[in-house]
Amino acid sequence: MINLAVKTKKLPRFFISGAIVALLIGFVCLVTIKSNTLTPQLNATASAANWNPGRIIDDNLFYDNKDMSLQEIQTFLNQKVTNCDTNGTQKYNSSMTNAQYAASQGWAAPAYVCLKDYYQVPRGDQNINNLSTNVIPAGAISAAAIIKNAADTYNVSPRVLLVLLQKESRNLLNDNWPLPAQYRNPMGFGCPDTAPCDPVYEGFYNQMTNAARQFKLYKTNAASYRYKSQQYNAISYQANNPSCGSSNVFIENQATAGLYNYTPYQPNQAALNNLYGTGDGCSAYGNRNFWRIFSDWFGGTTGPDYAWQVSSQELYSDPAMTITADTGALAPDKDYYFKIQVINNGNRTWKSDDANPILLGTTAPYNRTSELCNSTWISCNRPAKLNEASVGPGQTGTFQFKAKIPRTGNFSEYFSLVAEGRTWLNDFGFNWQLNALPPTAKWQAIYQEIYSDSARTKPVNINALSPSTTYYASVFAKNSGNTVWSNYGINPVLLATSSPIDRSSAFFNSSWINTNRAALLKENSVQPGQMGTFEFSLTTPSNVGLYNEYFRPVAEGSTWMNDVGMYWPLSVSTPTSQWSVVSQYVYTNSTKSQLYNTDATANKSRAFISIKARNTGNTIWKNSGTNPTRLGTNSPVDRASEFYDSSWVAQDRPATLKESTIAPGEIGTFEFWVNAPYKPNGSVINESFRPVVEGLVWMNDVGMYQQFKFNSPSTSWDYVGQGTYSDSNFKTAIDTSLAVSRNTDYYLVLKLKNTGGEIWKNSTFTLGTSNPVDRASVFFDNSWPNINRAALLKEASVAPGQIGTFEFKIKTPSTVNDYNEYFRPVIEGSAWLTDIGLHWSFKVR
Amino acid sequence: MKKIQRKSTVAKKIIVFVLVLVAVLVAFTGFAYAANIWPFNNSTVPTSDTQNNNSQENATKDGNPSSEDTPTKTTDQIPLNNSVVVTIDELAQSNGLITFKATVASSIQGGKCSLSLTNPNDKPVTRTVNATSSNSTQICGPIEISEQEFSYLGEWTATLRYYINDTQALATKAITIK
């Protein structure tokens, strides 16, 4: 009994325990094995009741290539596979790893590259990737980048491409150890499963690119494809069984037409009844799955018919809508111009003139009568209609209207869009907060400057102004009030002295309106928000010192504008004319294209000098008037220069300042020709210059000079004159064009100028026979140094630039004939001088 | 009393056995549902429709019939066999179908026929069948494809590639799809 009792008590415990264990095992199996397949449904938003075969997805979603960034795509892929089994080491089942199982099936060995880690060189003709090796090839880009590039190139949503990939591929998105074969045709584009694939379709890059391109083609050449939007299309339920039939579907948009062109079947009711499973023998799933996956992942495939958002909201004070008005400081009873740009976020195209035109309507409450209403409005609750005739989904439309603020105070004007006669669009409380203030004249100082020239191109250093000198000032002021400035009428706007107001200015000159009104507004009128200008000249006082000159606009006869503390600290100091050299160059020409070699200055050569000088004083240099600034010769000053050129102002003034004025701090220019004097080779001349304010003062001597080293050819000379005489005193000239007697003495003279670099000396400088040189002359006389040397230089020496003389006697030959007797100077032992064809002609009779 | 006690023990055993049996059935039912095995294996994963009904949205490697058979070469990597002549005997559109048939002049039995209809404006339409032997020729087809799969309306090029012994022979023919 006891034993039995014991058995009867133990048996139920055993069986009950077994039953509990069995139940637990069953439950655990249910939870663990099914958990993966249930996961997608946890976030499911698709419901068969929402399936619309004519509107699988809206165009604005399908063609939005910006709906995911590259990083967002990568993150999405990362989330799909959190633990990639690259090496195949994870358990396939209790006895094998994934790699072992693959080997048992004859499949590819690791490495297994998950989509998030996939890289491919973006080429259509070669499939170069990191499959099998997991080594990223040079030039390869990620799968996410391939998707993003395809989306951007063909204007298709990256989300759409991801969903297509999910529905067409062999689990590539979720697979944590995908085989290379799964990358072969993951978009179902043109590759047979069990036959070789055309290389232009094979591989992830080609598949993704071709699929995206295809949807672009469906859109751009819509009329060429079987399934068309905005019409009824017969769409079958099943691919392989025509008896399953079809139904006429009105395709509402291009995206849906494209999906049917890509996958030409619709799900039947059985497929919809089991949204996450299979239907019956007449079920097709492609487009159902696209819709379902997109809905689950991205929250729905369609949007509202009518929706909008504000792109920009502006208020202007001018009809041209160029001057932005300050909504917080508007003027009452003045026209303002309102502009809203809005984006059509719905699926319907907005029209401005159809049965349900899109209008701007007052809200809060709806159809409120606005205080801003005027005759330009459609009605007092409809300020404006859509500017554009048509605004499609995703496009931007515009509304514009004019209104006066009727009185001072705050106004909250709420608006929304309405498809008139049909529906109000989404009301998100769009409004203008407007505040009209009593008329206020206000300004902001935007820019102020004082110039040395009336053209206002040369700002001056206001810390070193010269006494009794006229300068030119500009003030740019923004109209920050809510009234219009004008320069006429009973309240013209002027720039007046301030601190204290109406102060008589020490800088007044006759151009001012009076001693406390520097300038009238330059523009005829300046709207609120616009910029106005005051321009005036001012003359510095004769007394040196620091002057703080305050100014402030005034609407004359009405009101002073706000004091923003605008002033110039003007420092008037003793006039100083000073300079420093910035640069000096010597050129061969006035176009300054080629530098002159001053180390080889040739006699009488011309050179063009350009000197840049900075005005380091506090006076303005001018190139005209009673005291023009010039460059003078220096060391000593007013020295007559050997380099004088006829283009100079005077022998001691090479040039006048090139620019009309040079303000302190600016750089002026002196440019002039020099004409080199005759100097023997090796001579060095330092030619000094220095600016002078003519009639007033020489500027500081900075020791500036230009050095010239002379080096001229020794063979150059200039012909001066020649003569033939019958007497040795060279008194009786002979006309050699007439006949001369035979065997008779005559006396010849030649004058020549030394233009070379050598000093001629009578010990070596002779007149030789030429043509040919050293020819024995038939006119030889015993007085000659030689039969081929007619004479020695008469002077002991002739320097460059000087004139030398040859005097010699000839004896005419006994033979009657016409003779041309040629000569040429020669530096004995050194060089023949230039042959100029010098000769005497004789008719010996 | 003893008799009564014996009857009570037997009844308890029966109850316990029934409980265990029910528990095992519940456990198996749960497992079968979760693992998609009988009797719950009729809920197969739906097809994508696009890839000739072969690929599957959530298919595993085991469920994918082409994992082992997926060719590793592309069409340009398979040498042409010039001694084999392929003739497209039929390529027509009628009654909502594109029908195709070709013969291969070869006495070698077997081979695979891959039909690809292409157009630069559309996604290629492909079908692959095994060749059937008839006397000294191999027959590809007939193959019937719903005209709805040809979304571009215009001229398409049909290319039949016949694969045998790692070589291929091919023939092309044009057809205008309406």
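A helix here is a DSSP run of H or I at least four residues long, and a strand is a run of E with at least two, numbered from the N terminus. With that in hand, look at this predicted model just after α5(A): there, A:Asn155 takes a positive phi of about 55°.

The helix itself covers residues 143–154 of chain A, twelve residues in total. From first C-alpha to last, α5(A) reaches 17 Å, close to the 16 Å expected at 1.5 Å a residue.

## Who sits around α5

Which residues of α5(A) are buried? They are A:Ala143, A:Ala144, A:Ile146, A:Ile147, A:Lys148, A:Ala150, A:Ala151 and A:Tyr154. These buried residues pack against the helices α3 (70–80), α6 (158–168) and α7 (204–220) of chain A, and also against the strands β1 (119–120) and β2 (141–142).

## α6 meets α10

One of those neighbours, α6(A), also packs with helix α10 of chain A, residues 286–298. Their axes lie 9 Å apart, at an angle of about 125°, so α6(A) and α10(A) are oblique to each other. The crossing of α6(A) past α10(A) is right-handed.

On the α6(A) side, the contact is made by A:Arg159, A:Val163, A:Leu164, A:Gln166 and A:Lys167. From α10(A) come A:Gly286, A:Asn289, A:Phe290, A:Ile293, A:Phe294, A:Trp297 and A:Phe298.

## How confident is the model?

Chain A has a mean pLDDT of 91, with 95% of its residues at 70 or more. Over residues 1–19, though, the pLDDT is below 50, and this stretch has 16 contacts in the model beyond near neighbours in sequence. Residues 21–44 also have pLDDT below 50, with 27 such contacts.

Technical notes:
Residues numbered from 1 in each chain as written. Chains lettered and ligands numbered in written order. Predicted model: local features only at pLDDT ≥ 70, side-chain atom pairs only at ≥ 80, totals over all residues. Expected span 1.5 Å × (residues − 1). Buried ≥ 20, exposed ≤ 12 C-beta atoms within 10 Å, placed from the backbone. Contact = placed C-beta atoms within 7 Å. pLDDT = per-residue confidence, 0-100. Axes fitted to C-alpha atoms, helices over the stretch in contact; angles between N-to-C directions. Parallel < 35°, antiparallel > 145°, perpendicular 65-115°, else oblique. Left-handed = near helix turned anticlockwise from the far one by under 90°.
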